[in-house]
Amino acid sequence: MAPPNSGVHHISNPCIYGDFVSSYAERKSRFMKWLGKLFKSGSNRGGARGGVVGRAHPQLLGEENVVWSAPARSVDDRSRTGKERGDAIALTMAEDWKQPSGCSRETNDQDLARSLQDTPNSPSFPSYGTTQYCPRNLSLCSGCQRDIGNGNYLGCMGKYFHPECFCCRSCRYPITETEFSLSGKDPYHKSCFKELTHPKCEVCHQFIPTNAAGLIEYRCHPFWSQKYCPSHEHDNTARCCSCERLESRDVRYYSLEDGRSLCLECMESAIMDTGDCQPLYHDIRDYYEGMHMKLDQQIPMLLVQRQALNEAIFGEKNGYHHMPETRGLCLSEEQTVTSIQKRPRIGGHRLVGMRTEPQKLTRKCEVTAILVLYGLPRLLTGAILAHELMHGWLRLKGYRNLDPEVEEGICQALSYMWLESELPGSKGMPSTSTSTSAASSSSSSSSSKKGGKSQVEKRLGEFFMYQIAHDATPAYGEGFRSANAAVSKYGLRSTLSHISLTGNFPL
């Protein structure tokens, strides 16, 4: 069902239930009551203000909706107060539709006297209108298209219904409340309409509350469109360290030993130890070689925990690091680093039993090692490796003292290009395809060996590309956009040559 449109009206007391008088004695009683009041009031012959004459059209409220303004009443409630005299009356006689106005009936004095004494506060009913002013569709229910017959009916929006036929557009159950919501010409229970239109938090699954100004305020992830209450940013709700989505109340994330959380989708392709990462590392080195950027030195690569990576960053003199969470490092100093040698096992919703081992890294060239945070999906791990290998290539080729915007920007461009080669045909992303033709054959061959990617992995890859393209930091964000523009215009090798000569991107 299409969502309701924005023309919403919340109507209070919109309908009136009427009952057809089915016996001749009761019709006679009602008629004589009115006749008695007529002689008493004299001046009120025209009926109360706002009333509907006989079977005339219902009262209009607003510009769009035709509704009854009188409150609903039960079938057996025959009496009305004087206040109700100004309300629209939906009481009529089924048999009178077929008789001309002014027809006479026989009566007797005893019945007349009894009827006048029964209800002293009986309202002054208006006189019957002529048949030319009667709604032609009054006898047909707009819900089931059948004759209303001798029973209760309901008038709303200029139409008439059996009470059980006036139903909510969403749940299809009858609307019996005195208030309901109207969207266009479709009625809804207020609760059903709220369910359809009021945003729900995708974390706690409750309606998102209003703020102090009475407005609905929520957070929405720019890529995943995950809507959630602002309070979940500060109530220790787990956030995936890879895709940034918050943990829903009905889904449990995996907890890594270094305090990070990993969602189930990212867990599917997560790389957990150094041995598991070696094939991917060699694929990316082949990607560089396919672009005539072969790395002559064998640079060690280690998967590490968050604490080990932070300690290595603290001991590193050079480099610009992406805060608040750095996920990779091109190391140039001699250090002892604790790497992951055996992947952890799953114990409930925790990853436990990891085996680590300290390794002494000696400096044999400008690059000592490449460190990458463990537990990230394959495509994100590969993007980090492509970035850090570009740092290594620049240092080995003698690119010195580059501004962070230039060095980090061109490294992000290589990371993006590798993701682009893994996800051909990605939409909505800035393209660097003109510079990757040389590597297309090696990339396609390695992809065929790995097999096709699932839709989940493709979507994750698109998110990682989105992260690079929309990074707001000066070095990684603005640097990438400048590098991407230069590579797209001049090609990768010409851009690198210009950086070598000037230290800046070509304009």
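The following legends describe an overview and several close-up views of one predicted protein model.

This is a predicted model, in which local features need pLDDT of at least 70 and side-chain atom pairs count only at pLDDT 80 or more, whereas totals for chains, interfaces and linings use all residues. Residues are numbered from 1 along each chain as its sequence is written, and side-chain values use heavy atoms, with hydrogens and water left out.

**Overview. The protein and its secondary structure.** The secondary structure comes to 12 helices and 21 strands, where helices (H or I, at least four residues) and strands (E, at least two) are DSSP runs numbered from the N terminus. Of the 507 residues, 46% count as buried, a term that stands for under 20% relative accessible area, with exposed meaning over 50% and partly exposed in between (1.4 Å probe, protein chains only). Among contacts (heavy atoms within 4.5 Å) between residues at least 6 apart in sequence, 64% join residues at least 24 apart. The protein exposes about 26,100 Å², of which carbon and sulfur atoms supply 49%; accessible areas come from the Shrake-Rupley method with a 1.4 Å probe, and for residues only the protein chains shown count as cover.

**View 1. Strand β20 and its two partners.** Strand β20 (residues 369–373) is largely enclosed by the rest of the structure, because 5 of its 5 residues are buried. Ala 369, Leu 371 and Leu 373 point one way from the strand, while Ile 370 and Val 372 point the other way. Strands pair if DSSP finds at least two bridges between them; β14 (residues 301–304) is joined to β20 by 4 bridges and runs parallel, whereas β15 (residues 328–331), also joined to β20 by 4 bridges, runs antiparallel. Ile 370 of β20 stands opposite Met 301, and Ile 370 is also the bridge partner of Cys 330.

**View 2. Helix α10 and its surroundings.** Helix α10 (residues 455–469) has 15 residues and reaches 21 Å from its first C-alpha to its last, close to the 21 Å expected, the expected span being 1.5 Å times one less than the number of residues. Its buried residues include Glu 457, Leu 460, Phe 463, Phe 464 and Tyr 466. Among the elements that cover the buried residues of α10 are α4 (264–267), β21 (376–377), α7, α8 and α11.

**View 3. Arg 245 in its loop.** Arg 245 has its place in the loop between β10 (227–228) and β11 (254–255), and this arginine is buried, with a relative accessible area of 15%. Leaving out residues up to four places away in sequence, Arg 245 touches several residues, among them Trp 224, Cys 240, Tyr 253, Glu 265 and Leu 460. Leu 460 is itself one of the buried residues of α10.

View 4. In helix α12 (residues 492–502), the buried residues are Leu 492, Thr 495, Leu 496 and Ile 499. They cover an arc of only 100° around the axis, which puts them on the same side of α12; the arc is that of the directions from the helix axis to the C-beta atoms. Their cover includes α7 (378–396), α8 (404–422) and α11 (474–490). Just after α12, Gly 503 takes a positive phi of about 80°.

**View 5. Arg 219 in strand β9.** Arg 219 lies in strand β9 (residues 219–220) and counts as partly exposed, at 27% relative accessibility. Apart from neighbours within four places in sequence, Arg 219 is in contact with Gln 226, Lys 227, Tyr 228, Pro 230 and Glu 233.
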